[in-house]
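Here is a friendly briefing to read alongside the model.

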Amino acid sequence: KLRKSDLSQVAESASYGGTIETIATDDEFVYIGGWTTRTVRKLRKSDLSQVAESANYGGEIEAIAIDDNYVYVGGGTTRTVRKLRKSDLSQVAVSANYGGEILAIATDDEFVYVCGSTTRTVRKLKKSDLSQVAESANYGGNIEAMATDDEFVYIGGWTTRTVRKLRKSDLSKVAESASYGGEIFAIATDDEFVYVGGGTTQIVRKLRKSDLAQVAESADYGGYIYAIAADDEFVYVGGATTQTVRKLRKSDLSRATESADYGGTIDAIATDDEFVYVGGTTKTVRV
């Protein structure tokens, strides 16, 4: 747990027992998942103490999304979306098999959007029972990252290495960016822009939502970028090799400040009004 102002550490959780691949937050709690342990843990924001834990997912947990009452989780081996009650992380529903590793999940008021490897499509599922209502065309490579707004889904990944903008209604393609130049591992959005990062190129690019044209680019992070989060003024980025959280100004993606070394690859970042929550191969959440 890091202070947003200067990215100094405020608290640290107990070890998860494996790499933390995904983090989501609400007003009071942090939800984490990852490898080895393969459960969702619910932590108090105040001190990162554990308050609940799900049953074993049956494979590596790669993605978590939340709404007011539920947690939606997906990953490898089992390859399904599980819907868990926030209160005690008990299972309420499970989707059909995606056909590959689930690498990203997003939600809106009525639906869950899921994507990943092998199948390489976005599937739109009803929240109520996780039944499928739409599916996108094949992206052409593993889909590693996804973000949504009121009308559209934004995806990126391997091989194709572009950001695609899809209509939520039927998951048809509306626009596509130029190639990022490497695998896309992370996407975040705000009202007007999409922020994207990944491998090889190792920079954050700021794209206009309307046509996915590039408007700004950060300096090289110094390693693969695996996680991005955004608030009203800043973008927070983390990854491999450099192993720090960098706080970038949204306006021009210049560096505002940087955290101490996490001590391992950063695979997940989430934010709230005051703090940044970070996890990865060190197996703890820091705030």
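**The largest pocket**

The largest pocket has a volume of about 1,700 Å³. This is a predicted model, where local features need pLDDT of at least 70 and side-chain atom pairs count only at pLDDT 80 or more, while totals for chains, interfaces and linings use all residues. Residues are numbered from 1 along each chain as its sequence is written, and side-chain values use heavy atoms, with hydrogens and water left out.

- A pocket here is an open set of points on a 1 Å grid over the protein atoms alone, where a 1.4 Å probe fits, with protein on both sides within 12 Å along at least five of seven lines; lining residues have an atom within 4 Å of a point.
- Grid points are joined across faces, edges and corners, and the volume is the space filled by probe spheres set on the points.

**Its lining**

- The lining comprises 49 residues, and nearest the pocket's centre lie Ile23, Ile64, Met146, Ile228 and Ile269.
- Strands (DSSP runs of E, at least two residues, numbered from the N terminus) contribute too: among those giving at least two lining residues each are S2 (20-25), S14 (143-148) and S27 (275-280).

- Strands S11 (residues 111-116) and S12 (residues 123-126) run antiparallel, joined by four bridges; pairing requires at least two DSSP bridges.
- Tyrosine 113 stands opposite lysine 124 in S12.
- Six residues separate the strands in the S11 and S12 hairpin, where threonine 118 has a positive phi near 65°.
- S12 also pairs with S13 (residues 132-135), antiparallel over three bridges, and leucine 125 has glutamine 132 in S13 as its bridge partner.
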